[in-house]
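Thanks for coming. Please have the sequence and the structure open while I talk.

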Amino acid sequence: MNVDVCNVTKRYDQDTVLDNVSFRLNGPQIYGLLGRNGAGKTTFMDIMAGNTLASSGNVLINGEEPFDNEGVNATICLIKESNNFKRDLKIKEILRVFSFFYPNWDQPLADQLIQEYQLKPHAKVKTLSKGMESALGIIVGLASKAPITIFDEPYIGLDAAARKNFYMKMLEEFENEKRMIIFSTHLIDEVSLMFHEVLILQEGRLVLQESAEVLRQRSCAVSGSVLDVEAFIKDKEVIETKQLAGTMTAYIFGNIKEAKKQGFHVEGIPIQELMIHLTEKGKGASIK
Ligand SMILES: Nc1ncnc2c1ncn2[C@@H]1O[C@H](COP(=O)(O)OP(=O)(O)OP(=O)(O)O)[C@@H](O)[C@H]1O
């Protein structure tokens with residue numbers, strides 16, 4: 001599957017929520033869609049899933065618009081933070097509805113996950129705790145086997161162990177059967193190692209699209225004595241510095257090999273730190 005996002009703008013009255021966003025997603029990978037609160041992530045995912053129209057520009061899924069397009073809609077499963085399901089339906093009814101909708105629906109996987117998350121098939125959605133409702137969303141998202149599966153912070157109410165279990169399941173499913181997974185989250189450190197590619201929105205604009213591997217190679221944390229590190233980073237783009245007991249750690253965009261050659265202790269920078277930097281100062285272009 002390919003997704004072409006062409007000059008997408010979305011306005012609500014005077015507010016421009018997405019501002020001329022363009023990018024391409026190529027094939028089955030795990031994409032991290034990141035950004036601060038209100039950056040436009042959910043709005044974008046709704047347009048992509050065909051739930052709403054862009055004010056201008058368009059999203060093409062394998063060349064077709066998703067809005068009002070049953071064929072395309074059956075290839076996309078969007079699981080949001082909440083309100084994914086009718087509250088009066090029972091879990092088993094929800095699973096049946098989705099099994100009709102998604103041609104690749106995996107009932108054995110759904111059954112297995114229902115057991116693992118200890119959900120009662122006869123329970124109505126309105127009786128579920130937040131965590132249970134999130135678990136149901138995760139089950140539908142994974143069992144849909146939709147070629148494009150989108151998770152928009154799908155884990156509200158799940159504890160750390162249950163979230164970890166979900167991440168493992170998602171990876172397992174991806175490895176078993178490659179599909180495009182778009183994952184939007186604020187718990188970036190928990191999942192960033194799973195991302196193949198990272199997209200960052202800031203105030204409705206795309207400030208970064210980069211492979212996670214490249215990001216890891218182009219940014220680093222350099223540690224050493226304060227004087228040495230200060231001298232080294234003088235001509236570099238510095239994200240942040242921290243000092244502790246005579247040593248300094250500087251987060252920089254730059255050449256890891258050069259830092260290593262000079263004897264510094266060098267580590268990668270967590271993607272969460274990069275996201276904070278890029279969205280604070282709008283330095284998306286400078287990483288290129
Ligand atoms: N139906 C709507 N009417 C008016 N404004 C809206 C509507 N939906 C979203 N917005 C506005 O669009 C902006 C982007 O919202 P969106 O939910 O897409 O951001 P987000 O990146 O998903 O945020 P978060 O991380 O907090 O979920 C916000 O300012 C929000 O108030």
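Which backbone oxygen does the side chain of Ser219 reach? The side chain reaches the backbone oxygen of Leu215, at 2.7 Å. That is a polar contact, meaning a pair of N or O atoms within 3.5 Å; within protein, one must be able to donate a hydrogen and the other to accept it, and residues adjacent in sequence count only if both atoms are side-chain atoms.

Some ground rules. This is a predicted model, in which local features need pLDDT of at least 70 and side-chain atom pairs count only at pLDDT 80 or more, while totals for chains, interfaces and linings use all residues. Residues are numbered from 1 along each chain as its sequence is written, and side-chain values use heavy atoms, with hydrogens and water left out.

Back to Ser219, which is found in strand S10, residues 219-225. Helices (H or I, at least four residues) and strands (E, at least two) are DSSP runs, numbered from the N terminus. Ser219 counts as buried because its relative accessibility is 0%. Buried means under 20% relative accessible area, exposed over 50%, and partly exposed in between, with a 1.4 Å probe and protein chains only. Leaving out residues up to four places away in sequence, Ser219 touches Ile252, Phe253, Ile256, Gly268, Ile269 and Leu274; contact means heavy atoms within 4.5 Å.

Next, helix H6. At its start, a side-chain oxygen of Asp159 comes to within 3.1 Å of the backbone nitrogen of Ala161. The buried residues of H6 are Ala162, Arg163, Phe166, Tyr167, Lys169, Met170, Glu173 and Phe174. They cover an arc of only 165° around the axis, so they sit on the same side of H6. The arc is taken from the directions from the helix axis to the C-beta atoms. On the other side of H6, Ala161, Lys164, Glu175 and Asn176 are exposed. The cover over the buried residues of H6 includes strand S3 (30-34), helix H4 (107-116) and helix H5 (130-144).

Last, the ligand. Residues around the ligand include Tyr12, Val17, Arg36, Glu153 and His186; a residue is near a molecule if one of its heavy atoms lies within 4 Å of it. Helix H1, residues 41-48, gives the most to this shell, with three residues. A polar side-chain atom of Thr42 is 2.7 Å from an oxygen atom of the ligand, and for a polar side-chain atom of His186 the distance to an oxygen atom of the ligand is 2.8 Å.
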